[in-house]
Amino acid sequence: MIRAIRACKTAAEERAVVRKECATIRAAVSDNDNDYRHRNLAKLMFIHMLGYPTHFGQMECLKLIAAPGFPEKRIGYLGLMLLLDERQEVLMLVTNSLKQDLNHTNQYIVGLALCALGNISSAEMARDLAPEVERLLQFRDPNVRKKAALCSIRIVKKVPDLAENFVNPVASLLKEKHHGVLLTALQLCADLCILSEEALEYFRKRCTEGLVKVLKDAVNSPYAPEYDVAGIADPFLQIRLLRLLRILGHGDAEASDYMNDVLAQVATKTESNKNAGNAILYECVETIMSIEDSGGLRVLAINILGRFLSNRDNNIRYVALNMLMKAISIDGQAVQRHRATILECVKDSDASIRKRALELVHLLVNESNVKPLTKELVDYLEVSDQDFKGDLTARICSIVERLSPDKLWYIDQMLKVLCEAGNYVKDEVWHALIVVITNASNLHGYTVRSLYRAIQTSVDQEAVVRVAVWCIGEYGDLLVNNIGMLDIEEPITVTESDAVDVIELAIKRHTSDLTTRAMCLIALLKLSSRFPSLSQRIKDIVTPSKGSLLLELQQRSIEFDSIIEKHQNLRSALVERMPVLDEATYSGRRSGSVPAAVSTSHGNALHLPNGVAKKTDAPLLDLLDLSADEPAAPNSSGGDFLQDLLGVDISSSSSQSGAIQPQKSGTDVLLDLLSTGSPPAQNGSSTHDIFSIGQDNKASVGALDSLSSPMVPSVQAAPTTGGSSMMDLLDGFGPNPTVPKDNGPAHPPIVAFESSSLKIMFNFSKQPESPQMTNIEANFTNKSSEVYTDFIFQAAVPKFLQLHLEPASGNTLPSSGNGSITQKLRVTNNQHGKKSIMMRIRISYKLNGKDVLEEGQIGNIPRGL
């Protein structure tokens, strides 16, 4: 049969041969042919290995197992292990045969039964046959004892409750001289220690000394040909002993003391020029790191790993790096001694070793060695493979941000990274660099000059271009006038025209993306104020973008062209120097504590209060904290200016809730008209960078839409200057804002959530005697032309809040705002006065029979509630 199958040239021929053989075997089964039953089962096993169904032969296995002879039983048990598994119900029929064979006088038949039970035992079979297996652990023949120990491992894993029955028999097996029995006993002992605390304590007290003696004998034993592997006496037994000692010594100082001497012997006497010796040394190191030990032995272990790093075998170096990563938390000083070798591994040709070594270097860096290590990594960045630059730049940037000793060093290192691999860094890296630059007021001149030099040589690195463009626009006057020169600098001569040339080249580069070009336009507007003599040239550079197919660039260029040409009196106020940005706030936003932005299952746009719709998957949403837990009150510290600097259109929470803000100057209205969406500081000391940066073409913002949207009226405390200029800009578009009277209730209603299809209003009421409790009436309105059915509103709040939801007034929401559903909520704020009420909401309903889910976060509830 095997010859016929192997002679087949096609799968169809093979199937035909198999079908013919299976038919013959079925006929023999029907005829109850005893003479050829074992041969037929052997054929079935071969057919099974080819992947064909053989379930019809399962009962033949049971018949062969029940036969009296050893040859039939051998084929029967082999078929049982191949054709069946523990999930088969027919397996229950073999339990009685197994029990008889476990008590058989023939040790080979006993071995067959143990082998089968160890491979396919179910929990029920394990419970039934555990006493027989336990008895066989004391059998006269070592091979049967070995198989009984292996079978016991299966039993205790299937039924952990039986573990205590095997503790005493295993303790006696640990004294065996036969290495095969001892190996299986060690594995069984390790499994028992993991499954049972009582067993672990028993073996610690009774067996630790004996195991140490066995390991010492194995290390010092003379040459034994039957156990020798590459000149080392039974490395498999030594490894098993080390693993069990690791379990016994972990967390127990007394047991660890017994092991110290023998572990030192293993570490010093084992040869490391053979793979078997390296395997023993590795297990010895892992045991030393796991037990309770003094520092001396750990230093020896880490030195062994250091030798591994010099090995030519990549596998050995890789496991050494893995182990050193664990060792850092135990003895970092000892690992530091091998820093040079680890750095060489970062430059290895093997990608896996490079990546693991880089992770280890990242853990090794501290305040004392950050400068030399960073220098080594930055130097290697210049010659590293393109595939590795991404990981390498991410690690270098993380090290510099985490451990920089001063801002000058931070800026220098980041500029080196951006010049070498600026296209590989993430956006938040150069965002963070700009934040640091704004905080280093004494380094503004040095930074802008360094960036001017860098952009000359690294114009192909997008991140360098962006940071340089921003700094030249912001600090161009410092660049031209050589203000703030440091001793370490060389003088540089830059004219106003040279500074504008850099921006012009960047905006005209065909590889510049939307973000870079938008930043160039903003920089040009700033330079038109810093360098009034070049206003006409800057206007000529901006003008071509008025015909851009990208709406974002078109909008900016039209607005900026109008400001340069018609509104010189406003320009200087609009492009004042950026205030100092709050590093702590920005770092907190990057740390991952920012919740996800509002989203719906339809991917609807997120409607911001300035009337501009942004897709909810915009890449900077999380970075710029569109869904912060608490509404941030405007202040003069500059914490909110990052939003304008990095370019996301977002209004403050006070405008979300419809609150009225006093107007300080004509600049405020212009900000709203241009859809920058971020109010200036209340004290009027600084003005925003008013133009946001889109991430891609899809996120472009339409100015005309924002201009036609309703604006929040402002209360004018006094007549403002520049009013005629603003009307000039808009050519009289839109009515003049009216002054409302402040006669509303103490807690005005707010728009808590709004999408293209749904609007939620919150009405508030409080009891004077319970300031912590707020009653909210939610009013749901359907903005679409379809009726919503099965309407359900759900909400979740942080731990400091308690929320009680009452039943809604209905579950059908009429279309087009022709009716509404109301639902009452009661919120108790345990940190009233310190934290605002906030909640995540989920609304589900059916639209034309289809389930729709909308989700969002409400964070614009006034703090006093």
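Reader: Which residue in E9 does Ile750 stand opposite?
Author: In this predicted model, Ile750 stands opposite Phe762 in E9. The pair belongs to the meeting of E8 with strand E9, residues 758-767, where four bridges join the two strands and they run antiparallel.

Reader: And what is the strand order of the sheet with E8 and E9 in it?
Author: The order is E8-E9-E10-E13-E12, an open sheet of five strands with antiparallel pairing. Strand E8, residues 750-754, and E12 stand at the edges with a single partner strand each, so one side of each is left without a neighbour in the sheet. From one strand to the next, the twist averages 30°.

Reader: Remind me, through what do strands of a sheet pair?
Author: They pair through backbone hydrogen bonds, and the arrangement can be either parallel or antiparallel.

Reader: OK, then E11: which strand does it pair with, and over how many bridges?
Author: E11 pairs with strand E14, residues 839-847, in the antiparallel sense and over six bridges. As a point of reference on that pairing, Phe793 stands opposite Ile843 in E14.

Reader: What joins E14 to E15, and in which sense do they run?
Author: Nine bridges join E14 to strand E15, which covers residues 850-858, and the two strands run antiparallel. One of the positions you can look up is Ile841, whose bridge partner in E15 is Gly856.

Reader: How many residues sit between E14 and E15 in the hairpin?
Author: There are two residues between them, and Asn848 in that turn has a positive phi of about 55°.

Reader: Where else is there a positive phi in a residue other than glycine?
Author: Asn482 has a phi near 55°, and so does Ser816, with a phi near 55°. Asn482 lies in the loop between helix H25, residues 462-481, and helix H26, residues 496-508, while Ser816 has its place in the loop between strand E12, residues 801-805, and strand E13, residues 820-829.

Reader: What are the relative accessible areas of those two, Asn482 and Ser816?
Author: Asn482 has a relative accessible area of 26% and is partly exposed; Ser816 is partly exposed as well, with a value of 45%.

Reader: Which other residue touches Ser816?
Author: Ser784 does, and its contacts also include Ser757 and Ser815, leaving aside residues up to four places away in sequence. Ser784 lies in the loop between strand E10, residues 770-782, and strand E11, residues 789-796.

Reader: Is Ser784 buried or exposed?
Author: Ser784 counts as buried because its relative accessibility is 19%, and the cut-off for buried is under 20%.

Reader: What does the side chain of Ser784 reach?
Author: The side chain of Ser784 reaches the backbone oxygen of Glu786 at 3.3 Å. A polar contact of 3.1 Å also joins the side chains of Ser784 and Tyr788.

Reader: Switching to helices, at what angle do H4 and H5 pack?
Author: Helix H4, residues 58-66, and helix H5, residues 70-83, pack at an angle of about 145°, and their axes are 7 Å apart. H4 passes H5 in a left-handed crossing. The contact is made by residues including Cys61, Leu62 and Ile65 of H4, together with Ile75, Tyr77, Leu80 and Leu83 of H5 among them.

Reader: How far apart are the C-alpha atoms of Glu496 and Leu527?
Author: They are separated by 8.8 Å, and the two residues are 31 residues apart along the chain.

Reader: Last one, the whole chain: how many helices and strands, and what share of the residues is buried?
Author: The protein chain has 36 helices and 15 strands, and 51% of its 865 residues count as buried. Taking contacts between residues at least 6 apart in sequence, 69% join residues at least 24 apart. The chain exposes about 40000 Å², of which carbon and sulfur atoms supply 50%.

Notes:
Residues numbered from 1 in each chain as written. Predicted model: local features only at pLDDT ≥ 70, side-chain atom pairs only at ≥ 80, totals over all residues. Heavy atoms only, no water. Buried < 20%, exposed > 50% of the residue type's maximum accessible area, 1.4 Å probe, protein only. Contact = heavy atoms within 4.5 Å. Areas by Shrake-Rupley, 256 points an atom, 1.4 Å probe, with all protein chains shown as cover. Polar contact = N/O pair within 3.5 Å; in protein donor to acceptor, adjacent residues only side chain to side chain. Pairing = 2+ DSSP bridges. Axes fitted to C-alpha atoms, helices over the stretch in contact; angles between N-to-C directions. Left-handed = near helix turned anticlockwise from the far one by under 90°.
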